[in-house]
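The sequence and structure come first.

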Amino acid sequence: MLLLHLARKSLANRLLTSSLTALSIAFSVALLVGVENVRTGMRESFSNTVSGTDLIVGSRGGTIQLMLYSVFGMGSPVANISHETWKEWDEHPAVSWTIPYALGDSHRGFRVIGTNASFYEHYKYRGGQSIALAEGRQAEGVFDVVLGAQVAERLEYAVGERVAVTHGMSAVGFMNHDEMPFEVVGILEETFTPVDRAIYVTLEGITAIHMGWESGAPPMPGEEITADEVLAMEEVPVSQITSFFLGAESRAYTLQLQRDISTSEAEPMTAVIPGLALSEMWQGISYAEDGLRVISAFVVLVGILGMLVSIYTSLEARRREMAILRALGTGPRRIVSLLVLEAGLLSALGALMGVGLVYGGLIMLQPWLEGRFGLLVPIRMLDGVQLAYVGAVVVLGFVAGLVPAIKAYRTALHDGLSVRV
Amino acid sequence: MNNTSECIHAQRLTFAYGTGPNVLDIPDFTVHAGERVFLYGPSGSGKTTLLGLIAGVLQPEPGTLNVLGHDVGSLSSAARDRFRASHIGYVFQMFNLIPYLNVRDNIALPVRINTERRSRLNGSLDEAVAEAAAHLGIEELLDEKVTRLSVGQQQRVAAARAILGAPELIIADEPTSALDADRRHAFLELLFSNVQEAGSTLLFVSHDLGLADQFDRSLSLPDLNRAEG
């Protein structure tokens, strides 16, 4: 108790140095704990990019590739699946709903996705949130377009605007389908997922863009189909889609459905469970966060080292104090304990302040992080890993205190009751 | 605790640092219990070494130095620390005080360090501290920061700390050399009356021979020490 009292008073006496030292430890601890928080938030945001979907189905290929082009709007599908096959599964008794996706076009760098009303009803993200229209209505007609929130913001489009849609994924392509006048009928609310970065039309709309392109080359002059001709059609024939999202009647059917789809005779297809695939993908990119973690560990080390240096350099000025303590009968071991305790107190204080910084920072920055990056960093109790980090910093502080303490021990033995400088 | 007449008794006491030459070689040196002894110790006379040995910071050969009935040389280092804390009050030349403790905490410190010394207090620690402070005329300063005190005030705080818990032996190492003549005299008066009241033995070391005649007995370390300084 006496030592604690002395250590506390001694630290308070060097208030500026002590608080700066504690602050540097606090920042390093805040970084360590904060990185862990952001990591959790990122992982949760990532694995909640799509939710409530039991399977995502596309033509046979890699699961990650399927996830990339269906959910993240990256890369291209190798092949399509036929409209009939999709319909078969759509009507399968174990299937509750499906959302078809027809990909392959873009508008000024944003993907165009052909889908149907089921998208607006069943697409869920982040813990079961549904997408909603901020403005206007769903795409129903062949030339109706609904914009993701980010698309609307970037391109400064409003409801009622006429837009051209490109075939192929280049924004500068000269083969623009300018003859197909699409019209913006709705804008989605922001979801902070890739949904915001796409343009949604109907399956018929996608089909219409490709009319005359069946051979893979632009339509011959004179063979172009005009918008009026499309509108005059009784029904636009949809023959292909790229992939579809599937909700089972019951979760219990998921594995059976996945097997049945993957082994289907009709067409070679791949079905993935999005939650599983997402966590698999996260594993693949998580080495980046390991790097971040290593960096924060080094920052902590630097903080502790700073404390060590600050205590060590203070020793010269404290030789007199040690001689007095010795004269009063303090054994050299207690002098070691005193200095170790000072270091431990400093690092414990720093760790506590660091945790405070994290919570304070989260409370202040959470809305901004969510609004700006769609990153929801949860405010919750420190988890086991974080507690272990904080504990490790405190222990490290005590251990680091041994260095100046042993130096003080030697000095105290050498000096005895007189300070020979 | 020790009723025999000898407080310090050194016989054939020698000391060398490491493998160096002897810095101390005292054939015979005795301080009686209750005495006030002036020890003339100019620099280079082995003063620091002798005081270090008596206080138990340095270890003498067994059988050569007896302090308060203890053979200092045969005690372990931890036992010597405890012995010093319990039985010896120490006043330095200057800078006697822990800078981050206030006057009250500085005076109380030796008693906090050593439970045996605490058990000798009459009444509570706070009362004892207040009493010691009152004896040295510093009762108004108890809650002051020590860095605000004059040198004279600091030395009085150091004296109050040394007599708290009435240790048998008080060692004063040039406690007045930083004071001017008037204060020196006043400080000595206070020290004497407190030492007498506590029934302690006083070993007062100084290079200022002018103070010698105020003591029961005066010795000269250069005469006692046969080692080449």
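A nonpolar core is a set of buried Ala, Val, Leu, Ile, Met, Phe, Trp, Tyr and Cys residues joined through C-beta atoms within 7 Å. The model discussed here is predicted, with an ipTM of 0.85 and a pTM of 0.72.

**Cores**

The largest nonpolar core holds 111 residues. The members that touch the most others are A:Val29, B:Ala160, B:Ile163 and B:Ile171. The most is given to this core by helix H13 (residues 332-373) of chain A, which supplies 12 residues. A second, separate core has 58 residues, among them A:Phe110, A:Ala152, A:Ala208 and A:Ile261.

Which residues surround B:Ala160, if its neighbours within four places in sequence are left aside? B:Ala160 is in contact with B:Ile107, B:Ala132, B:Ala133, B:His135, B:Leu136 and B:Ile138.

**Chain B as a whole**

| Property of chain B | Value |
|---|---|
| Average pLDDT | 86 |
| Residues with pLDDT of at least 70 | 97% |
| Secondary structure | 8 helices and 9 strands |
| Span of the C-alpha trace along its principal axes | about 50 × 35 × 30 Å |
| Buried residues, of 229 | 47% |

A compact globule of 229 residues would have a radius of gyration near 17 Å, and chain B agrees with this because its own value is 17 Å. Among contacts in chain B between residues at least 6 apart in sequence, 74% join residues at least 24 apart.

**The sheet in chain B**

Four strands of chain B form an open sheet in the order E2-E1-E4-E5, with antiparallel pairing. Strand E2 (22-32) and strand E5 (70-71) of chain B stand at the edges; each has a single partner strand, so one side of each is left without a neighbour in the sheet. Strands of a sheet pair through backbone hydrogen bonds, either parallel or antiparallel. Strand E1 (residues 6-16) of chain B pairs with E2(B) in the antiparallel sense over 9 bridges. Within E1(B) and E2(B), one can look at B:Ile8, which stands opposite B:Val31 in E2(B).

**Contact between the chains**

How many residues of chain A are in contact with chain B? There are 17, and they meet 23 residues of chain B. On the chain A side, the elements that give two or more residues are helix H1 (2-13) and helix H12 (319-327) of chain A. By class, this side of chain A has 6 nonpolar, 7 polar and 4 charged residues.

How values were computed:
Residues are numbered from 1 along each chain as its sequence is written. Chains are lettered from A and ligands numbered from 1 in the order in which they are written. This is a predicted model: local features need pLDDT of at least 70, side-chain atom pairs count only at pLDDT 80 or more; totals for chains, interfaces and linings use all residues. pLDDT is the predictor's confidence in each residue, from 0 to 100. The radius of gyration is taken over C-alpha atoms; the globule rule is 2.2 Å times the number of residues to the power 0.38. A residue is buried if 20 or more other C-beta atoms lie within 10 Å of its own, exposed if 12 or fewer, and partly exposed in between; C-beta atoms are placed from the backbone. Two residues are in contact if their C-beta atoms, placed from the backbone, lie within 7 Å. Ala, Val, Leu, Ile, Met, Phe, Trp, Tyr, Cys and Pro count as nonpolar, Asp, Glu, Lys and Arg as charged, and the others, Gly among them, as polar. Two strands pair if DSSP finds at least two bridges between them.
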